[in-house]
2 protein chains.
Amino acid sequence: MSVQTQFSAGACSDCPIRHRAVCAHCERDELAQLEEIKYYRNFEAGQTIIWSGDKMGFVGSVVSGIASLTQTMEDGRTQMVGLLLPSDFVGRPGRVGSPYDVTATTDVVMCCFRKKPFEEMMARTPHIAHRLLEMTLDELDAAREWMLVLGRKTAREKIASLLSIIARRDASLSPNGPSGPMLFDLPLTREAMADYLGLTLETVSRQMSALKKDGVILLEGKRRVTVPDMGRLMDEAGDDSDGGMFS
Amino acid sequence: MSVQTQFSAGACSDCPIRHRAVCAHCERDELAQLEEIKYYRNFEAGQTIIWSGDKMGFVGSVVSGIASLTQTMEDGRTQMVGLLLPSDFVGRPGRVGSPYDVTATTDVVMCCFRKKPFEEMMARTPHIAHRLLEMTLDELDAAREWMLVLGRKTAREKIASLLSIIARRDASLSPNGPSGPMLFDLPLTREAMADYLGLTLETVSRQMSALKKDGVILLEGKRRVTVPDMGRLMDEAGDDSDGGMFS
DNA sequence: AACCCCGGTTGATCTAAGTCAAGGAAAACC
DNA sequence: GGTTTTCCTTGACTTAGATCAACCGGGGTT
């Protein structure tokens, strides 16, 4: 089950933080104080939100859009290390330099909190701190799951893993439920997929073609994907357990 | 700087949790209560502490020894996704199934807490919850750094990365400081190194031999490593930034 | 229309790492 | 002391994926 769903369940519509990150456990008093210390920032697709090594002046939470976390070597090799979806946090109280670039993949609206008051609020509000810990543990599990993908899976399995994760993320929104055919738009270019999977874009392209030829997926144009049989796709991914990078 | 050092700085010797995880910020009252709910367990080298999918009956913190977290595919391919060093936590309050195997690499002593009281203690004790969040964020950063290693580095760079991380972890203990020559024992077999790096054990062996031939490292037997020039090793690792998987 | 640019595909070739296989050294057991 | 087992090394060969390079097609712009 994705975090999206978990949040939806407990979200309260009158929370002053308008997105759903902390909301599930909110109480009016603390969040009224948050209201005073927060502000919004907008970023265009492609814009870098935080450069690796930059001083992180704020703690931010994505309200809408997608941002990606990437690490880059001097010679230009880059590896995407995570995605920020709405409600995810970035920046940590008490650390100065960011360990990676944060870039807007689509247009992004971010809700920002100045560090000091945010920390004070956390100290005052145990259940919000607890919720943040839960979210961070989820991200850690997802990152570790991704390490298996990067370290041990073949190119075809990597592609299938990525597609099945994206498909499952959207599954909760689908009318057919998770077991029926899935239809979705890839939110990533072939190059971004390659950076995510530790492959080259040519290999990504070839494996997408191969999966299409074998009937595992259907492609309409370059981005629109149909998965006729999720079970088949998950077999191709080489694991039956739950994904979660995107959750 | 490693977590070890951070903790040493603030550790208080009379803390009822005898290792240093939570201690840095401890106050007597809360930890006296922890005393009532904790118990110790011993594991022999090679013994599996938690199987993937197992119900996790406790939250544990390593007191001494090293344990490894691994994920395995049905066909036997395995990927190590993290190490537990003294003071690290495993198991999370509020989740049942472990997403990976936890295995004792050396003999391990673990300090365990029953979940329910541990959660209650967290709710009562914001600064301990905060410390746990900090530790988890550190692990997340380390995992993401490792994703770059797994996804984009060559075999030689992977080996050099691993060696430099181990070397730096021990650097604080070294009389020469971090820039002088380093001497340490590898805590891992070639196979474990391979599982960590997403390589085969033959490739690990070959690259170790190559690094030795090129004078980057000296080997005494199979396990004892000397690094005459840490700068050289870090160049070989392909990054000048801070590692941290072991920190 | 003609142009270009961007993202994507596909082919030909190369190479880093995997696979298979044969030992060697050192500890561990009888 | 000899035998077995575990861990490691090295060699010969194969292969998955990278690299280099040509080309395609749609959506802008002029």
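**View 1. Strands β10(B) and β11(B) (residues 224-227) of chain B run antiparallel and share 3 bridges.** Strands here are DSSP runs of E with at least two residues, numbered from the N terminus, and two of them pair if DSSP finds at least two bridges between them. Look for B:E220, which stands opposite B:R224 in β11(B). This is a predicted model: local features need pLDDT of at least 70, side-chain atom pairs count only at pLDDT 80 or more, and totals for chains, interfaces and linings use all residues. Residues are numbered from 1 along each chain as its sequence is written, chains are lettered from A and ligands numbered from 1 in the order in which they are written, and side-chain values use heavy atoms, leaving out hydrogens and water.

**View 2. DNA strand C is surrounded by 17 residues, and among the closest are A:R190 and B:T203.** A residue counts as near if one of its heavy atoms lies within 4 Å of the strand. Sugar and phosphate make up 60% of the atoms of DNA strand C that come within 4 Å of the protein.

View 3. Helix α7(A) gives the most to the surface near DNA strand C, with 5 residues; helices are DSSP runs of H or I with at least four residues.
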